[in-house]
Amino acid sequence: MGNDVEDAVDVRLGARLAELRAEHGWSLGELAERSGVSRSTLSRAERAEISPTASLLNRLCGVYGRTMSQLLSEIEAEPALLVRAADQVIWEDKASGFVRRSVSPPHAGLRGELVEGRLAAGSDIAYDRPPVPGLEQHIWVLDGTLDVTAQDVGHRLAAGDCLRLRVWGPTRFRCPGPEDVRYALAVVLP
């Protein structure tokens, strides 16, 4: 066996390979057919019983449509446990009056993220589709009032209210006023 650091990388890589196969809905047999790698080798790599070779990783990267750099960056390190306010990225869409703070940004090792949204009174933002079908969202209004339309159903949220949904189609966020709205948005990948 290698040292503990190498072993930890193999464990994270094996877990990521298993996740990728699950995301595609493939059995070990289906992945073996697509990659030309035996089921037993794939199984042992996913369980970190073997350290995958560059050749094996290259075949799997081809099947999963990513570069080796992308795959390895997905397992590089544990996400930072603490995201300081000063390090949280703020993006503003002046045209719509929307300010978005990435409180807990996405990371390959995590499925969820946390966003703070602010909409000016009168702002109205429509999204024609979610970035990922079936995206789970929890919208918790902290201050003000927010109108959310999803799957052709309108919801009026006041301070303290939380709307939970999976997003499959168009959504609309509107601040009816009179004051601005501030809300927390928890996003979880399906």
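View 1. On the face of H4 that is turned away from its buried side, the exposed residues are Ala54 and Gly62. The structure shown in these views is a predicted model. The buried residues of H4 are Leu56, Leu57, Leu60, Cys61 and Tyr64, and because these buried residues fall within an arc of 135° when H4 is seen down its axis, they line one face of the helix. After H4 comes Gly65, a residue whose phi is positive, near 65°.

**View 2. The crossing of helices H2 and H4.** Helix H2, made of residues 28-35, and helix H4, made of residues 54-64, have axes that come within 9 Å and cross at roughly 100°, which means that H2 is roughly perpendicular to H4. On the H2 side the contact is made by Leu31, Arg34 and Ser35, while on the H4 side it is made by Arg59, Leu60, Val63 and Tyr64. Sorted by class, the residues in this contact of H2 with H4 are four nonpolar, one polar and two charged.

View 3. When a disulfide is taken to be a pair of cysteine sulfur atoms within 2.5 Å, the model has zero disulfides. Cys175 is in no disulfide, and the nearest cysteine sulfur, which belongs to Cys162, is 18 Å away. With a relative accessible area of 0%, Cys175 is buried, and Cys61, with a relative accessible area of 4%, is buried as well, since buried here means under 20% relative accessible area.

Note on methods: Residues numbered from 1 in each chain as written. Predicted model: local features only at pLDDT ≥ 70, side-chain atom pairs only at ≥ 80, totals over all residues. Heavy atoms only, no water. Axes fitted to C-alpha atoms, helices over the stretch in contact; angles between N-to-C directions. Helix = DSSP H or I, 4+ residues; strand = E, 2+ residues; numbered from the N terminus. Parallel < 35°, antiparallel > 145°, perpendicular 65-115°, else oblique. Contact = heavy atoms within 4.5 Å. Nonpolar A, V, L, I, M, F, W, Y, C, P; charged D, E, K, R; others polar. Buried < 20%, exposed > 50% of the residue type's maximum accessible area, 1.4 Å probe, protein only. Arc of directions from axis to C-beta.
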